[in-house]
Amino acid sequence: MTAQKIRLVVLYGGRSAEHEVSCVTAVHVLEALDPDRYDVVPIGITAEGRWLLDEATIAALKGGAGGLPRALEAAGREVSPFSPVAQAKGDDAPIVFLPLLHGPFGEDGTVQGLLEVAGVPYVGAGVLGSALAMDKAKAKEVLGAHGLPQARWLGLHEDEAGPRLRDRVERELGWPVFVKPANLGSSVGVSKVADGEALERALGLAFSYDEWVVVEEAVVGREIEVAVLGNRDPEASVPGEVVPSREFYDYEDKYLVDGAGLVVPAPLTPAATAEVRALAIEVFAALRAEGMARVDFFYEEDGRGFLVNEANTIPGFTPISMYPKLWEASGLPYPKLVDRLVELALERHARRANRIGRGRATGGRPGR
């Protein structure tokens with residue numbers, strides 16, 4: 001970590017259906033930051049896409065993190081997305097962007113692309129890794145090409161939904177199934193469907209969030225999650241187990257009622273623990289993730305073993321979220337975890353900038 005104070009631009013809110021989750025996450029990240037190490041610039045993005053400098057939160061932070069509300073609001077003075085970049089470059093202050101934007105328009109490569117164009121370091125996966133992990137259908141295709149084990153699934157565009165789909169689902173997947181928007185997280189828009197009669201309603205809900213959906217078999221097994229941290233040499237945390245308080249691990253369990261049991265570390269044999277940690281790193285690499293990701297699995301102990309469910313490149317950071325809990329159990333407390341993510345952002349940016357500089361020096365021609 002640089003000895004100079006880092007200007008940390010925290011992006012929260014956003015245009016997706018996970019806007020409120022992001023606002024809650026931002027509070028807990030800000031509470032963990034060391035004010036002697038970071039000059040925090042909180043920027044809230046409204047549901048309409050306006051970027052607002054959160055001056056109220058800046059004022060609250062001056063009195064100590066204890067003055068923060070339970071959730072931030074995307075409110076304040078409107079700014080250009082590039083204004084904190086220009087300000088930082090004007091006074092040579094190190095700058096890192098920390099996107100805490102769940103779902104589309106934040107976790108899907110769009111904001112990452114803007115930050116790449118601006119030429120600034122940012123926490124988390126790059127454009128490709130973010131976009132791949134966000135799109136559940138494409139992620140499953142890539143994981144399948146890498147030979148990684150998964151449940152049976154179908155990816156569908158809304159144009160393909162018709163009367164024959166019920167027969168196809170019954171033939172290829174069997175009942176029950178889960179229906180999910182392909183490009184959303186936090187279990188928003190997800191339904192468990194017991195028969196063909198309920199399929200149409202579930203598809204209607206999923207298509208209200210995204211034009212692509214994933215239909216996958218309902219796996220009877222344990223839910224195991226592993227946190228991954230790093231760039232070119234990532235590390236996996238101890239695994240954790242989710243024990244839902246509801247029929248499945250839905251939005252309320254994750255963020256509202258704290259009803260799900262999170263068992264950390266997961267009660268697995270040493271061999272199973274080593275296997276799922278290794279699989280998590282394989283998934284991380286296959287999806288070109290960087291910085292961080294939480295990789296979720298189903299575990300059929302007497303069947304197919306570990307099945308990859310999905311990877312989240314901006315996992316939840318609330319106090320009841322699995323990602324920070326897994327690293328806490330692995331010996332990396334919350335504030336140090338945030339520090340490490342900033343370090344990784346700076347390391348990746350320096351590596352990429354060095355490569356771009358070498359390319360300019362040779363004029364893009366080999367052998368020079």
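Buried means under 20% relative accessible area, exposed over 50%, and partly exposed in between (1.4 Å probe, protein chains only). This is a predicted model: local features need pLDDT of at least 70, side-chain atom pairs count only at pLDDT 80 or more, and totals for chains, interfaces and linings use all residues. Residues are numbered from 1 along each chain as its sequence is written, and side-chain values use heavy atoms, with hydrogens and water left out.

Start at Glu310. Its relative accessible area is 16%, so Glu310 is buried. Glu310 sits in strand E15 (residues 305-312); helices (H or I, at least four residues) and strands (E, at least two) are DSSP runs, numbered from the N terminus. Beyond neighbours within four places in sequence, Glu310 contacts Lys136, Arg294, Val295 and Asp296, where contact means heavy atoms within 4.5 Å. Its C-alpha atom is 9.8 Å from that of Glu225, 85 residues away along the chain.

Arg294 lies in strand E14 (residues 291-300) and Glu225 in strand E10 (residues 222-230), 69 residues apart. Arg294 is buried at 11% relative accessibility, and Glu225 is buried at 4%.

A further salt bridge joins Arg77 and Glu55 (3.1 Å, N to O). Arg77 is in strand E4 (residues 77-78) and Glu55 in helix H2 (residues 55-62), so the pair ties together parts 22 residues apart in sequence. Arg77 is partly exposed at 45%; Glu55 is partly exposed at 39%.

Definitions and conventions
A salt bridge is a side-chain nitrogen of Lys or Arg within 4 Å of a carboxyl oxygen of Asp or Glu.
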